Amino acid sequence: MSVSPFPTAEPTTERLRLRNWSAAEVADVLAGRRSARWAEDFPAEGDQVIAGVIAEQIAEGPGGPGGTGDPGAYGHRLIVEQESGLVVGSISLLWPPSEGSVEFGYGVVASRRGRGYAPEATRALVAYALTLPDVTTVYADVERANPASVRVLEKAGLHRWSDDGTTARFRATAPETSRS
């Protein structure tokens with residue numbers, strides 16, 4: 001059984017906390033139940049997809065292929081607004097890394113967009129990911145037809161390093177001096 005670096009990590013910023021999903025929250029999203037601790041428009045469609053992915057990973061259990069049975073063991077986080085305590089989105093590392101690179105994805109509910117939460121959460125998760133064993137690059141792919149997401153990645157400080165005219169890939173890399 002592999003040991004995950006994720007279960008206790010909770011990156012925070014001045015306005016946000018990136019905390020693990022609980023198994024109960026995954027079950028609630030999948031069953032369509034609402035929580036008073038969620039923004040009125042959480043979960044969005046992407047959050048429902050991630051809850052399904054997490055449920056599959058939980059079902060793998062500790063003996064499954066790479067499974068730990070822990071909903072946070074793969075880097076899936078809820079984005080929590082510090083001031084209100086409400087869940088306003090989700091952000092995930094798509095574990096495991098391949099050749100030192102790990103992809104991430106994010107979403108903030110419509111009621112909280114335009115507040116800078118997506119780039120703030122992205123900066124926090126990327127900084128955290130670059131401290132993990134076996135991770136030297138964190139990246140996200142975005143359709144160029146989604147200029148808001150392109151701006152999020154630019155504001156978060158990621159660099160565009162690939163573009164095929166339809167999809168742009170942004171990345172951040174660990175400084176060589178910090179890796180041993």
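From the N terminus on, I read the order of elements in the protein chain as β-α-α-β-β-β-α-β-α-β-β. I note that the model is predicted. My tally for the protein chain is four helices and seven strands.

**Entry 1. The chain as a whole.** I looked up burial and found that 46% of the 180 residues in the protein chain are buried. I then turned to contacts with a separation of 6 or more, and noted that residues 24 or more positions apart account for 59% of them.

**Entry 2. Helices α1 and α2.** I asked at what angle α1 and α2 pack. For helix α1 (residues 23–31) and helix α2 (residues 45–60), I recorded an angle of about 125° and axes 9 Å apart. The two helices are therefore oblique to each other, since an angle has to be over 145 degrees to count as roughly antiparallel and 65 to 115 to count as roughly perpendicular. I recorded the crossing of α1 and α2 as left-handed.

I next listed the residues that meet. On the α1 side they are A23, V26, V29 and L30; on the α2 side they are D47, Q48, A51, G52, I54, A55 and I58. Sorted by class, the contact of α1 with α2 has eight nonpolar, two polar and one charged residues.

**Entry 3. Helix α4.** I asked which residues of α4 are buried. In this helix (residues 147–155), I found S149, V150, V152 and L153 to be buried. They lie on the same side of α4, because they cover an arc of only 155° around the axis. An α-helix has 3.6 residues a turn, so residues three or four places apart point the same way.

I also looked up what covers the buried residues of α4. The cover includes the strands β4 (101–108), β5 (137–143), β6 (159–163) and β7 (167–173), and also helix α3 (117–129). Just after α4, I noted that G157 takes a positive phi of about 90°.

I then looked up the partners of V109, leaving aside its neighbours within four places in sequence. V109 is in contact with A39, D41, F42, A44, D47, V88 and G89.

Note on methods
Residues numbered from 1 in each chain as written. Predicted model: local features only at pLDDT ≥ 70, side-chain atom pairs only at ≥ 80, totals over all residues. Heavy atoms only, no water. Axes fitted to C-alpha atoms, helices over the stretch in contact; angles between N-to-C directions. Parallel < 35°, antiparallel > 145°, perpendicular 65-115°, else oblique. Left-handed = near helix turned anticlockwise from the far one by under 90°. Contact = heavy atoms within 4.5 Å. Nonpolar A, V, L, I, M, F, W, Y, C, P; charged D, E, K, R; others polar. Buried < 20%, exposed > 50% of the residue type's maximum accessible area, 1.4 Å probe, protein only. Arc of directions from axis to C-beta.
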